Amino acid sequence: MYKWLDERLDLTGLYQKVLRKAFPVHHSFFLGEITLFAFIVLVLTGIFLTLNFEPSIREVRLPDGRTVPAAYASVLYIDSLPFGAVIRSLHHWSAHVMIAAAFLHMLRILLSGAYKKPRELNYLVGLALLGLAVVTAFTGYALPYDNYAVTATRIGYGIAASIPWVGSTLAQVMFGGEFPGSEKAIPRLYSLHVLWLPLLLMALIGMHMAIMMKQKHTQPRYAERVAPGRILGVPMYPQQLVMMGILFALYVGIMTLIAGAFLAHPIEAFGPPTPNTPAVKPDWYFLWIYGILQIIPSTWEFHLFGATVGPEFIGGVVIPGILGLVGLLLPFLDTRKDKMRYMELPSQHPVRTSVILALLVFFLMTTLAGYKIDFQQQGSILGNNAVLWTLVLGGPLLTYIVSYTLLRIFYGRREEEALQ
Amino acid sequence: MYRNDPILPTFALILAAGLFYMAYLDGLHIARLLGHTPEELSVGQIGLMAFGAVFLLYGLIGLVSYWLEGIELRPGRHFPTPSTAPMVAGVILVLLLTALSGFFVRLLIYSAQTGHNPTWLQGLVFGAISLVVAVLLGIYKKFYGRDEVVTEEEKSHFPW
(Lines give C-alpha, C1' and ligand atoms only; values in the text may rest on other atoms or scores of the structure.)
Protein backbone atom coordinates (compact mmCIF):
# COMPACT_ATOMS: atom_id res chain seq x y z
CA MET A 1 0.00 0.00 0.00
CA TYR A 2 2.77 2.42 1.04
CA LYS A 3 4.79 1.49 -2.09
CA TRP A 4 1.73 2.04 -4.30
CA LEU A 5 1.13 5.48 -2.81
CA ASP A 6 4.86 6.33 -2.81
CA GLU A 7 5.17 5.62 -6.54
CA ARG A 8 2.34 8.05 -7.22
CA LEU A 9 2.73 10.74 -4.54
CA ASP A 10 6.46 10.57 -3.66
CA LEU A 11 5.74 10.05 0.05
CA THR A 12 9.45 9.51 0.70
CA GLY A 13 10.10 13.04 -0.55
CA LEU A 14 7.40 14.35 1.80
CA TYR A 15 8.96 12.41 4.69
CA GLN A 16 12.45 13.78 3.95
CA LYS A 17 11.29 17.37 3.45
CA VAL A 18 8.56 17.77 6.05
CA LEU A 19 8.52 14.96 8.58
CA ARG A 20 12.31 15.01 9.10
CA LYS A 21 12.25 18.74 9.88
CA ALA A 22 14.37 19.40 12.97
CA PHE A 23 12.34 20.74 15.89
CA PRO A 24 14.53 22.53 18.46
CA VAL A 25 13.75 21.50 22.03
CA HIS A 26 12.96 24.13 24.63
CA HIS A 27 9.99 24.23 26.99
CA SER A 28 9.10 27.83 26.08
CA PHE A 29 8.18 26.69 22.53
CA PHE A 30 5.21 24.83 24.03
CA LEU A 31 3.40 28.13 24.72
CA GLY A 32 2.68 28.45 20.99
CA GLU A 33 1.49 24.83 20.89
CA ILE A 34 -0.85 25.40 23.86
CA THR A 35 -2.35 28.32 21.90
CA LEU A 36 -2.77 26.10 18.83
CA PHE A 37 -4.39 23.26 20.80
CA ALA A 38 -6.76 25.70 22.49
CA PHE A 39 -7.83 26.81 19.02
CA ILE A 40 -8.31 23.19 17.84
CA VAL A 41 -10.46 22.42 20.91
CA LEU A 42 -12.42 25.63 20.27
CA VAL A 43 -13.18 24.50 16.72
CA LEU A 44 -14.15 20.96 17.80
CA THR A 45 -16.40 22.06 20.67
CA GLY A 46 -17.73 24.92 18.51
CA ILE A 47 -18.93 22.42 15.88
CA PHE A 48 -21.02 20.69 18.57
CA LEU A 49 -22.41 24.01 19.79
CA THR A 50 -23.44 25.17 16.28
CA LEU A 51 -25.53 21.99 15.89
CA ASN A 52 -27.75 23.05 18.79
CA PHE A 53 -27.54 26.85 18.97
CA GLU A 54 -30.25 29.08 17.49
CA PRO A 55 -28.89 32.53 16.52
CA SER A 56 -32.09 34.48 17.01
CA ILE A 57 -33.75 36.69 19.62
CA ARG A 58 -37.32 35.69 18.68
CA GLU A 59 -39.40 34.93 21.73
CA VAL A 60 -39.87 31.25 22.65
CA ARG A 61 -41.69 29.63 25.54
CA LEU A 62 -39.77 27.36 27.91
CA PRO A 63 -41.37 24.22 29.46
CA ASP A 64 -41.62 26.13 32.77
CA GLY A 65 -43.77 28.81 31.07
CA ARG A 66 -41.16 31.60 30.86
CA THR A 67 -40.81 33.50 27.57
CA VAL A 68 -37.15 34.04 26.64
CA PRO A 69 -35.06 34.80 23.50
CA ALA A 70 -34.43 31.72 21.32
CA ALA A 71 -30.63 32.07 21.64
CA TYR A 72 -30.91 31.94 25.43
CA ALA A 73 -33.30 28.97 25.28
CA SER A 74 -31.01 27.03 22.93
CA VAL A 75 -28.06 27.48 25.31
CA LEU A 76 -30.24 26.17 28.16
CA TYR A 77 -31.00 23.17 25.91
CA ILE A 78 -27.26 22.61 25.26
CA ASP A 79 -26.62 22.70 29.02
CA SER A 80 -29.34 20.09 29.59
CA LEU A 81 -27.76 17.58 27.18
CA PRO A 82 -25.54 14.84 28.66
CA PHE A 83 -22.01 16.32 28.73
CA GLY A 84 -23.42 19.41 26.90
CA ALA A 85 -22.70 21.85 29.72
CA VAL A 86 -19.11 20.54 29.99
CA ILE A 87 -18.54 20.97 26.23
CA ARG A 88 -19.88 24.54 26.35
CA SER A 89 -17.78 25.28 29.41
CA LEU A 90 -14.72 23.76 27.70
CA HIS A 91 -15.37 26.06 24.71
CA HIS A 92 -15.58 29.05 27.02
CA TRP A 93 -12.44 28.14 29.01
CA SER A 94 -10.47 27.36 25.84
CA ALA A 95 -11.18 30.88 24.54
CA HIS A 96 -9.69 32.33 27.75
CA VAL A 97 -6.74 29.94 27.68
CA MET A 98 -6.04 30.68 24.00
CA ILE A 99 -5.79 34.41 24.70
CA ALA A 100 -3.71 33.91 27.87
CA ALA A 101 -1.35 31.44 26.11
CA ALA A 102 -1.01 33.68 23.04
CA PHE A 103 -0.17 36.60 25.33
CA LEU A 104 2.49 34.58 27.19
CA HIS A 105 3.83 33.26 23.86
CA MET A 106 4.20 36.86 22.67
CA LEU A 107 5.90 37.74 25.95
CA ARG A 108 8.47 34.98 25.31
CA ILE A 109 9.04 36.33 21.80
CA LEU A 110 9.59 39.83 23.19
CA LEU A 111 11.87 38.71 26.05
CA SER A 112 14.06 36.56 23.79
CA GLY A 113 14.21 39.11 20.92
CA ALA A 114 12.71 36.56 18.50
CA TYR A 115 10.98 39.35 16.53
CA LYS A 116 14.26 40.44 14.96
CA LYS A 117 15.56 39.76 11.47
CA PRO A 118 14.45 37.59 9.67
CA ARG A 119 11.27 37.02 11.72
CA GLU A 120 9.76 40.54 11.65
CA LEU A 121 6.94 39.50 9.33
CA ASN A 122 6.00 36.43 11.38
CA TYR A 123 5.97 38.58 14.54
CA LEU A 124 3.44 40.88 12.85
CA VAL A 125 1.33 37.87 11.84
CA GLY A 126 1.46 36.69 15.47
CA LEU A 127 0.37 40.10 16.70
CA ALA A 128 -2.56 40.04 14.27
CA LEU A 129 -3.46 36.55 15.53
CA LEU A 130 -3.58 37.77 19.14
CA GLY A 131 -5.79 40.72 18.17
CA LEU A 132 -8.04 38.52 16.08
CA ALA A 133 -8.38 35.95 18.89
CA VAL A 134 -9.59 38.72 21.22
CA VAL A 135 -12.10 39.99 18.62
CA THR A 136 -13.36 36.44 17.96
CA ALA A 137 -13.85 35.86 21.69
CA PHE A 138 -15.71 39.18 21.96
CA THR A 139 -18.12 38.29 19.13
CA GLY A 140 -18.96 35.02 20.90
CA TYR A 141 -19.58 36.65 24.26
CA ALA A 142 -23.07 37.99 23.47
CA LEU A 143 -24.33 34.82 21.76
CA PRO A 144 -25.99 33.17 24.82
CA TYR A 145 -27.98 36.42 25.07
CA ASP A 146 -28.23 36.42 28.84
CA ASN A 147 -28.48 39.56 30.92
CA TYR A 148 -24.78 39.63 31.82
CA ALA A 149 -23.44 38.99 28.30
CA VAL A 150 -25.73 41.57 26.73
CA THR A 151 -24.73 44.26 29.24
CA ALA A 152 -20.99 43.47 28.90
CA THR A 153 -21.18 43.48 25.08
CA ARG A 154 -22.88 46.86 25.22
CA ILE A 155 -19.58 48.32 26.59
CA GLY A 156 -17.79 47.10 23.42
CA TYR A 157 -20.60 48.44 21.26
CA GLY A 158 -20.21 51.83 22.94
CA ILE A 159 -16.44 51.86 22.26
CA ALA A 160 -16.92 50.87 18.58
CA ALA A 161 -19.63 53.49 18.08
CA SER A 162 -17.50 56.20 19.75
CA ILE A 163 -14.86 56.18 16.98
CA PRO A 164 -15.19 59.53 15.17
CA TRP A 165 -16.47 59.51 11.56
CA VAL A 166 -16.52 55.71 11.11
CA GLY A 167 -17.91 54.56 14.48
CA SER A 168 -21.56 54.17 13.48
CA THR A 169 -20.63 52.34 10.25
CA LEU A 170 -18.28 50.00 12.14
CA ALA A 171 -20.94 49.31 14.77
CA GLN A 172 -23.43 48.63 11.94
CA VAL A 173 -21.05 46.11 10.32
CA MET A 174 -20.17 44.35 13.59
CA PHE A 175 -23.59 44.38 15.26
CA GLY A 176 -26.02 44.75 12.36
CA GLY A 177 -27.58 47.80 14.02
CA GLU A 178 -28.29 49.05 17.51
CA PHE A 179 -27.10 46.74 20.30
CA PRO A 180 -29.04 45.47 22.13
CA GLY A 181 -32.29 45.73 20.28
CA SER A 182 -31.57 45.00 16.64
CA GLU A 183 -32.86 41.61 15.50
CA LYS A 184 -29.87 41.34 13.17
CA ALA A 185 -27.29 41.66 15.96
CA ILE A 186 -27.15 38.01 17.07
CA PRO A 187 -27.18 36.52 13.51
CA ARG A 188 -24.45 39.03 12.54
CA LEU A 189 -22.25 38.27 15.56
CA TYR A 190 -22.91 34.54 15.04
CA SER A 191 -21.78 34.58 11.41
CA LEU A 192 -18.67 36.58 12.33
CA HIS A 193 -17.94 34.25 15.26
CA VAL A 194 -18.39 30.86 13.59
CA LEU A 195 -17.39 31.59 10.01
CA TRP A 196 -15.50 34.72 9.00
CA LEU A 197 -13.22 35.21 11.99
CA PRO A 198 -12.30 31.49 12.39
CA LEU A 199 -11.53 31.32 8.64
CA LEU A 200 -9.29 34.34 8.99
CA LEU A 201 -7.67 32.82 12.08
CA MET A 202 -7.03 29.54 10.23
CA ALA A 203 -5.47 31.40 7.30
CA LEU A 204 -3.21 33.41 9.59
CA ILE A 205 -2.26 30.33 11.66
CA GLY A 206 -1.34 28.56 8.38
CA MET A 207 0.76 31.55 7.33
CA HIS A 208 2.40 31.70 10.79
CA MET A 209 3.39 28.00 10.52
CA ALA A 210 4.56 28.20 6.91
CA ILE A 211 6.81 31.20 7.60
CA MET A 212 8.11 29.50 10.77
CA MET A 213 8.98 26.37 8.77
CA LYS A 214 10.76 28.40 6.13
CA GLN A 215 12.70 30.58 8.56
CA LYS A 216 13.17 27.86 11.23
CA HIS A 217 12.69 28.25 14.97
CA THR A 218 15.01 30.35 17.03
CA GLN A 219 17.17 27.93 19.01
CA PRO A 220 18.15 27.66 22.68
CA ARG A 221 21.59 29.19 23.24
CA TYR A 222 23.35 25.89 23.99
CA ALA A 223 22.69 24.77 20.37
CA GLU A 224 25.37 27.25 19.27
CA ARG A 225 27.90 25.22 21.25
CA VAL A 226 26.65 21.74 20.22
CA ALA A 227 25.99 22.27 16.48
CA PRO A 228 27.28 25.69 15.40
CA GLY A 229 25.70 27.09 12.24
CA ARG A 230 23.12 24.31 11.98
CA ILE A 231 19.59 23.68 13.26
CA LEU A 232 19.67 21.16 16.12
CA GLY A 233 16.49 19.33 17.00
CA VAL A 234 14.34 16.21 16.98
CA PRO A 235 12.52 15.08 13.81
CA MET A 236 8.91 16.19 13.48
CA TYR A 237 7.90 12.52 12.98
CA PRO A 238 7.73 10.58 15.21
CA GLN A 239 9.34 12.36 18.16
CA GLN A 240 7.86 15.85 18.05
CA LEU A 241 4.45 14.45 17.12
CA VAL A 242 4.51 12.22 20.21
CA MET A 243 5.36 15.25 22.38
CA MET A 244 2.51 17.16 20.72
CA GLY A 245 0.21 14.19 21.39
CA ILE A 246 1.18 14.26 25.09
CA LEU A 247 0.55 18.00 25.31
CA PHE A 248 -2.81 17.71 23.53
CA ALA A 249 -3.91 14.91 25.87
CA LEU A 250 -2.74 16.96 28.88
CA TYR A 251 -4.63 19.98 27.54
CA VAL A 252 -7.88 18.08 27.03
CA GLY A 253 -7.51 16.31 30.38
CA ILE A 254 -6.81 19.36 32.53
CA MET A 255 -9.19 21.70 30.74
CA THR A 256 -12.07 19.19 30.88
CA LEU A 257 -11.48 18.82 34.61
CA ILE A 258 -11.63 22.60 35.02
CA ALA A 259 -14.59 22.97 32.64
CA GLY A 260 -16.61 20.34 34.49
CA ALA A 261 -15.89 21.67 37.96
CA PHE A 262 -16.10 25.40 37.17
CA LEU A 263 -18.86 26.29 34.72
CA ALA A 264 -17.54 29.56 33.34
CA HIS A 265 -20.75 31.24 32.22
CA PRO A 266 -23.82 29.62 33.85
CA ILE A 267 -26.57 31.52 32.09
CA GLU A 268 -29.28 30.30 34.49
CA ALA A 269 -27.60 32.42 37.16
CA PHE A 270 -27.77 35.55 34.98
CA GLY A 271 -31.21 35.07 33.43
CA PRO A 272 -32.48 36.48 30.13
CA PRO A 273 -31.98 40.21 29.34
CA THR A 274 -34.10 42.57 31.45
CA PRO A 275 -34.46 46.37 31.54
CA ASN A 276 -32.44 46.28 34.80
CA THR A 277 -28.74 46.58 34.04
CA PRO A 278 -26.65 44.33 36.30
CA ALA A 279 -23.28 45.51 37.63
CA VAL A 280 -20.94 43.94 35.07
CA LYS A 281 -17.37 44.16 33.93
CA PRO A 282 -16.01 43.15 30.53
CA ASP A 283 -13.88 40.00 30.27
CA TRP A 284 -10.46 40.11 31.91
CA TYR A 285 -8.61 40.76 28.64
CA PHE A 286 -10.64 43.97 28.20
CA LEU A 287 -10.46 44.96 31.85
CA TRP A 288 -7.33 47.09 31.34
CA ILE A 289 -9.14 49.15 28.67
CA TYR A 290 -12.18 49.36 30.97
CA GLY A 291 -9.83 50.55 33.74
CA ILE A 292 -8.48 53.35 31.53
CA LEU A 293 -12.08 54.37 30.78
CA GLN A 294 -12.79 54.48 34.51
CA ILE A 295 -10.00 56.94 35.32
CA ILE A 296 -10.22 59.25 32.30
CA PRO A 297 -12.22 62.37 33.31
CA SER A 298 -15.47 62.93 31.40
CA THR A 299 -14.23 66.46 30.60
CA TRP A 300 -11.72 65.06 28.08
CA GLU A 301 -13.90 65.84 25.09
CA PHE A 302 -13.45 68.04 22.02
CA HIS A 303 -14.86 68.45 18.53
CA LEU A 304 -12.82 67.84 15.38
CA PHE A 305 -14.09 68.22 11.79
CA GLY A 306 -17.66 67.75 12.90
CA ALA A 307 -17.00 64.65 15.01
CA THR A 308 -16.88 64.36 18.81
CA VAL A 309 -13.69 62.95 20.29
CA GLY A 310 -14.73 61.80 23.75
CA PRO A 311 -13.19 59.94 26.70
CA GLU A 312 -14.62 56.63 25.45
CA PHE A 313 -12.66 57.00 22.20
CA ILE A 314 -9.48 58.23 23.91
CA GLY A 315 -9.46 55.44 26.52
CA GLY A 316 -10.94 52.65 24.40
CA VAL A 317 -9.24 53.29 21.08
CA VAL A 318 -6.44 55.91 21.17
CA ILE A 319 -4.39 54.56 24.11
CA PRO A 320 -4.66 50.85 23.08
CA GLY A 321 -3.99 52.03 19.50
CA ILE A 322 -0.74 53.75 20.54
CA LEU A 323 0.39 50.58 22.36
CA GLY A 324 -0.54 48.51 19.30
CA LEU A 325 1.42 50.85 17.04
CA VAL A 326 4.52 50.57 19.26
CA GLY A 327 4.10 46.77 19.07
CA LEU A 328 3.88 46.90 15.27
CA LEU A 329 6.96 49.13 14.94
CA LEU A 330 9.10 47.22 17.47
CA PRO A 331 10.91 44.90 15.01
CA PHE A 332 11.83 47.94 12.93
CA LEU A 333 13.09 49.94 15.92
CA ASP A 334 15.03 47.24 17.77
CA THR A 335 17.00 45.69 14.92
CA ARG A 336 20.15 43.71 14.21
CA LYS A 337 22.13 43.41 10.99
CA ASP A 338 22.86 39.68 11.04
CA LYS A 339 20.28 36.92 11.09
CA MET A 340 19.04 35.99 14.53
CA ARG A 341 19.53 32.27 15.18
CA TYR A 342 19.63 31.84 18.94
CA MET A 343 17.32 33.15 21.65
CA GLU A 344 18.71 36.20 23.41
CA LEU A 345 18.92 36.05 27.19
CA PRO A 346 16.65 38.63 28.92
CA SER A 347 19.41 39.33 31.46
CA GLN A 348 21.71 40.53 28.67
CA HIS A 349 19.16 43.08 27.43
CA PRO A 350 18.29 45.11 30.53
CA VAL A 351 16.51 47.95 28.70
CA ARG A 352 14.20 45.69 26.70
CA THR A 353 13.49 43.38 29.66
CA SER A 354 12.75 46.34 31.94
CA VAL A 355 10.42 47.96 29.38
CA ILE A 356 8.48 44.69 29.04
CA LEU A 357 8.19 44.32 32.82
CA ALA A 358 7.03 47.95 33.05
CA LEU A 359 4.41 47.25 30.38
CA LEU A 360 3.17 44.24 32.36
CA VAL A 361 2.81 46.43 35.46
CA PHE A 362 0.92 48.99 33.34
CA PHE A 363 -1.56 46.27 32.31
CA LEU A 364 -1.90 45.14 35.94
CA MET A 365 -2.46 48.66 37.26
CA THR A 366 -5.01 49.59 34.57
CA THR A 367 -6.76 46.26 35.29
CA LEU A 368 -6.82 47.28 38.97
CA ALA A 369 -8.38 50.60 37.91
CA GLY A 370 -11.20 48.53 36.38
CA TYR A 371 -12.29 47.83 39.97
CA LYS A 372 -12.54 51.54 40.82
CA ILE A 373 -16.29 51.44 41.56
CA ASP A 374 -15.87 48.38 43.80
CA PHE A 375 -13.06 50.14 45.70
CA GLN A 376 -15.24 53.23 46.11
CA GLN A 377 -18.09 51.11 47.50
CA GLN A 378 -15.66 49.55 50.00
CA GLY A 379 -14.36 53.00 50.97
CA SER A 380 -10.84 52.00 49.94
CA ILE A 381 -8.16 54.55 49.07
CA LEU A 382 -7.86 52.78 45.71
CA GLY A 383 -11.21 54.29 44.73
CA ASN A 384 -9.51 57.67 44.47
CA ASN A 385 -8.76 58.75 40.90
CA ALA A 386 -5.47 60.47 41.84
CA VAL A 387 -4.21 57.30 43.56
CA LEU A 388 -5.12 55.18 40.53
CA TRP A 389 -3.43 57.61 38.13
CA THR A 390 -0.31 57.50 40.32
CA LEU A 391 -0.32 53.69 40.22
CA VAL A 392 -0.96 53.54 36.45
CA LEU A 393 1.87 55.96 35.62
CA GLY A 394 4.19 55.57 38.59
CA GLY A 395 4.04 51.76 38.87
CA PRO A 396 5.54 51.09 35.43
CA LEU A 397 8.14 53.83 35.86
CA LEU A 398 9.26 52.46 39.23
CA THR A 399 9.32 48.92 37.80
CA TYR A 400 11.54 50.04 34.95
CA ILE A 401 14.02 51.80 37.27
CA VAL A 402 14.20 48.92 39.78
CA SER A 403 14.43 46.23 37.09
CA TYR A 404 17.08 48.05 35.06
CA THR A 405 19.18 48.81 38.15
CA LEU A 406 19.02 45.21 39.41
CA LEU A 407 19.86 43.74 35.99
CA ARG A 408 22.82 46.09 35.63
CA ILE A 409 24.07 45.33 39.16
CA PHE A 410 23.79 41.53 38.93
CA TYR A 411 24.36 40.77 35.25
CA GLY A 412 26.38 43.84 34.18
CA ARG A 413 29.05 42.90 36.70
CA ARG A 414 29.17 39.33 35.37
CA GLU A 415 29.69 40.63 31.84
CA GLU A 416 32.51 42.88 33.04
CA GLU A 417 34.10 39.94 34.88
CA ALA A 418 33.77 37.79 31.77
CA LEU A 419 35.44 40.46 29.67
CA GLN A 420 38.36 40.69 32.12
CA MET B 1 16.32 30.55 27.25
CA TYR B 2 19.67 28.76 27.49
CA ARG B 3 18.77 25.09 27.96
CA ASN B 4 15.69 22.91 28.35
CA ASP B 5 15.96 23.28 32.11
CA PRO B 6 13.38 22.16 34.72
CA ILE B 7 13.60 25.43 36.70
CA LEU B 8 11.16 27.62 34.74
CA PRO B 9 8.51 24.85 34.45
CA THR B 10 8.78 24.23 38.21
CA PHE B 11 8.26 27.93 38.90
CA ALA B 12 5.34 27.89 36.43
CA LEU B 13 3.70 25.12 38.50
CA ILE B 14 4.18 27.09 41.72
CA LEU B 15 2.76 30.21 40.03
CA ALA B 16 -0.20 28.18 38.74
CA ALA B 17 -0.93 26.95 42.26
CA GLY B 18 -0.78 30.54 43.52
CA LEU B 19 -3.14 31.81 40.82
CA PHE B 20 -5.68 29.04 41.47
CA TYR B 21 -5.47 29.80 45.18
CA MET B 22 -6.07 33.50 44.54
CA ALA B 23 -8.95 32.72 42.20
CA TYR B 24 -11.04 30.13 43.83
CA LEU B 25 -10.03 28.49 47.04
CA ASP B 26 -12.94 29.23 49.32
CA GLY B 27 -15.31 26.97 51.23
CA LEU B 28 -18.20 27.49 48.80
CA HIS B 29 -16.61 25.63 45.92
CA ILE B 30 -16.82 22.30 47.74
CA ALA B 31 -20.58 22.69 48.03
CA ARG B 32 -20.64 23.70 44.39
CA LEU B 33 -18.78 20.57 43.33
CA LEU B 34 -21.51 18.42 44.86
CA GLY B 35 -23.99 19.28 42.14
CA HIS B 36 -24.83 21.47 39.22
CA THR B 37 -25.45 24.73 41.05
CA PRO B 38 -25.44 27.73 38.72
CA GLU B 39 -23.10 30.23 40.25
CA GLU B 40 -21.12 32.88 38.48
CA LEU B 41 -17.38 33.31 38.49
CA SER B 42 -16.14 36.90 38.42
CA VAL B 43 -14.07 38.11 35.46
CA GLY B 44 -11.08 38.39 37.79
CA GLN B 45 -11.43 34.76 38.87
CA ILE B 46 -11.74 33.61 35.26
CA GLY B 47 -8.64 35.59 34.26
CA LEU B 48 -6.57 34.23 37.16
CA MET B 49 -7.71 30.68 36.43
CA ALA B 50 -7.03 31.00 32.68
CA PHE B 51 -3.44 32.07 33.39
CA GLY B 52 -3.26 29.40 36.11
CA ALA B 53 -4.30 26.75 33.56
CA VAL B 54 -1.69 27.92 31.03
CA PHE B 55 1.07 27.93 33.66
CA LEU B 56 -0.06 24.49 34.88
CA LEU B 57 0.08 23.07 31.33
CA TYR B 58 3.37 24.81 30.62
CA GLY B 59 4.92 23.57 33.84
CA LEU B 60 3.76 19.99 33.26
CA ILE B 61 4.85 19.74 29.62
CA GLY B 62 8.12 21.52 30.49
CA LEU B 63 8.94 18.89 33.12
CA VAL B 64 7.77 16.08 30.81
CA SER B 65 10.02 17.48 28.07
CA TYR B 66 12.95 17.62 30.51
CA TRP B 67 12.24 14.00 31.56
CA LEU B 68 11.84 12.66 28.03
CA GLU B 69 14.20 14.84 25.99
CA GLY B 70 16.81 15.93 28.51
CA ILE B 71 18.38 19.28 29.28
CA GLU B 72 20.43 19.38 26.05
CA LEU B 73 20.21 17.51 22.75
CA ARG B 74 23.17 15.57 21.38
CA PRO B 75 23.15 14.53 17.69
CA GLY B 76 22.82 10.78 17.09
CA ARG B 77 20.49 7.87 17.70
CA HIS B 78 19.49 6.80 21.19
CA PHE B 79 17.95 3.40 21.85
CA PRO B 80 15.85 2.66 24.95
CA THR B 81 16.73 -0.15 27.33
CA PRO B 82 14.07 -2.91 27.27
CA SER B 83 12.30 -3.33 30.61
CA THR B 84 9.30 -5.22 31.98
CA ALA B 85 8.07 -2.66 34.52
CA PRO B 86 6.85 -0.09 31.94
CA MET B 87 5.02 -2.87 30.08
CA VAL B 88 3.18 -3.85 33.30
CA ALA B 89 2.37 -0.18 33.97
CA GLY B 90 1.10 0.16 30.39
CA VAL B 91 -1.20 -2.86 30.69
CA ILE B 92 -2.61 -1.58 34.00
CA LEU B 93 -3.18 1.87 32.47
CA VAL B 94 -4.92 0.39 29.41
CA LEU B 95 -7.23 -1.56 31.75
CA LEU B 96 -7.90 1.66 33.68
CA LEU B 97 -8.58 3.46 30.39
CA THR B 98 -11.12 0.79 29.40
CA ALA B 99 -12.85 0.98 32.78
CA LEU B 100 -12.98 4.78 32.69
CA SER B 101 -14.37 4.77 29.14
CA GLY B 102 -17.09 2.31 30.16
CA PHE B 103 -17.91 4.41 33.22
CA PHE B 104 -18.08 7.57 31.10
CA VAL B 105 -20.59 5.97 28.68
CA ARG B 106 -22.62 4.76 31.68
CA LEU B 107 -22.55 8.32 33.05
CA LEU B 108 -23.91 9.72 29.77
CA ILE B 109 -26.72 7.14 29.74
CA TYR B 110 -27.54 8.02 33.36
CA SER B 111 -27.71 11.74 32.44
CA ALA B 112 -29.91 11.04 29.39
CA GLN B 113 -32.30 8.86 31.41
CA THR B 114 -32.62 11.01 34.52
CA GLY B 115 -31.94 14.54 33.19
CA HIS B 116 -29.44 14.97 36.02
CA ASN B 117 -26.10 16.33 34.74
CA PRO B 118 -23.28 15.94 37.29
CA THR B 119 -20.86 18.10 35.28
CA TRP B 120 -17.99 17.82 37.77
CA LEU B 121 -18.10 14.00 37.53
CA GLN B 122 -18.38 14.04 33.72
CA GLY B 123 -15.41 16.42 33.51
CA LEU B 124 -13.45 14.34 36.02
CA VAL B 125 -13.93 11.04 34.18
CA PHE B 126 -13.35 12.43 30.67
CA GLY B 127 -10.34 14.42 31.91
CA ALA B 128 -8.93 11.29 33.59
CA ILE B 129 -9.29 9.34 30.31
CA SER B 130 -7.27 11.99 28.50
CA LEU B 131 -4.63 12.15 31.24
CA VAL B 132 -4.20 8.34 31.12
CA VAL B 133 -3.62 8.65 27.35
CA ALA B 134 -0.95 11.30 28.06
CA VAL B 135 0.78 8.98 30.56
CA LEU B 136 0.66 6.06 28.08
CA LEU B 137 2.25 8.22 25.36
CA GLY B 138 4.91 9.32 27.85
CA ILE B 139 5.71 5.72 28.80
CA TYR B 140 5.90 4.76 25.12
CA LYS B 141 8.30 7.59 24.34
CA LYS B 142 10.51 7.02 27.37
CA PHE B 143 10.82 3.25 27.23
CA TYR B 144 9.98 2.14 23.69
CA GLY B 145 10.53 5.03 21.27
CA ARG B 146 13.83 5.12 19.37
CA ASP B 147 15.06 8.69 19.67
CA GLU B 148 17.06 10.55 17.12
CA VAL B 149 18.60 14.01 17.28
CA VAL B 150 19.26 15.56 13.90
CA THR B 151 20.90 18.68 12.55
CA GLU B 152 19.90 20.40 9.34
CA GLU B 153 20.94 23.27 7.14
CA GLU B 154 19.45 26.65 7.89
CA LYS B 155 18.33 26.97 4.27
CA SER B 156 15.67 24.61 3.04
CA HIS B 157 13.34 24.33 0.06
CA PHE B 158 10.20 23.80 2.10
CA PRO B 159 7.48 25.12 1.83
CA TRP B 160 8.99 27.09 -1.06
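Modeller: A residue is called buried when its relative accessible area is under 20%, exposed when it is over 50%, and partly exposed in between, with a 1.4 Å probe and protein chains only. This is a predicted model, in which local features need pLDDT of at least 70 and side-chain atom pairs count only at pLDDT 80 or more, while totals for chains, interfaces and linings use all residues. Residues are numbered from 1 along each chain as its sequence is written, chains are lettered from A and ligands numbered from 1 in the order in which they are written, and side-chain values use heavy atoms, with hydrogens and water left out.

The interface as a whole comes before its details. Counting as contact any heavy atoms within 4.5 Å, 75 residues of chain B touch 85 residues of chain A. The size of an interface is often given as the accessible area lost when the parts come together. Here the buried area, meaning the accessible area (1.4 Å probe) that two parts lose on being put together, summed over both, is about 7300 Å², and carbon and sulfur atoms give 71% of it. Within the share that chain B buries against chain A, Met1(B), Glu152(B) and Glu154(B) supply 12%, more than any other three residues.

Polar contacts are pairs of N or O atoms within 3.5 Å; within protein, one atom must be able to donate a hydrogen and the other to accept it, and residues adjacent in sequence count only if both atoms are side-chain atoms. By that rule, 27 residue pairs, both residues at pLDDT 80 or more, are in polar contact across the interface of chain B and chain A. The side of chain B that touches chain A draws at least two residues from each of α1 (7-24), α2 (28-33), α3 (43-69), α4 (85-114), α5 (119-143) and β2 (147-152) of chain B, where helices (H or I, at least four residues) and strands (E, at least two) are DSSP runs numbered from the N terminus. The most comes from α3(B), with 20 residues. By class, this side of chain B has 43 nonpolar, 17 polar and 15 charged residues; Ala, Val, Leu, Ile, Met, Phe, Trp, Tyr, Cys and Pro count as nonpolar, Asp, Glu, Lys and Arg as charged, and the others, Gly among them, as polar.

Two strands pair if DSSP finds at least two bridges between them, and β2(B) pairs with strand β4 (residues 231-235) of chain A in the antiparallel sense over 3 bridges. Within this pairing, Val150(B) is the bridge partner of Gly233(A). Strand β4(A) is largely enclosed by the rest of the structure, because 5 of its 5 residues are buried. It is also joined by 2 bridges to strand β1 (residues 22-23) of chain A, the two running antiparallel, and there Phe23(A) has Val234(A) as its bridge partner.

Side chains of opposite charge can pair when their charged atoms come close. One salt bridge links Arg230(A) and Glu153(B), at 2.9 Å from N to O. Arg230(A) lies in the loop between α10 (223-226) and β4 of chain A and Glu153(B) in the segment after β2 of chain B, so the pair joins two chains. Both residues count as partly exposed, Arg230(A) at 29% relative accessibility and Glu153(B) at 48%.

Glu148(B) takes part in a salt bridge with Arg20(A), the closest N and O atoms being 2.8 Å apart, and in another with Arg77(B), where the closest N and O atoms are 3.8 Å apart. Because Glu148(B) lies in strand β2 of chain B and Arg77(B) in strand β1 (residues 76-78) of chain B, this pair ties together parts that are 71 residues apart in sequence. Glu148(B) is buried, with a relative accessible area of 14%, whereas Arg77(B) counts as exposed at 58% relative accessibility.

Conventions:
Salt bridge = Lys/Arg side-chain N within 4 Å of Asp/Glu carboxyl O.
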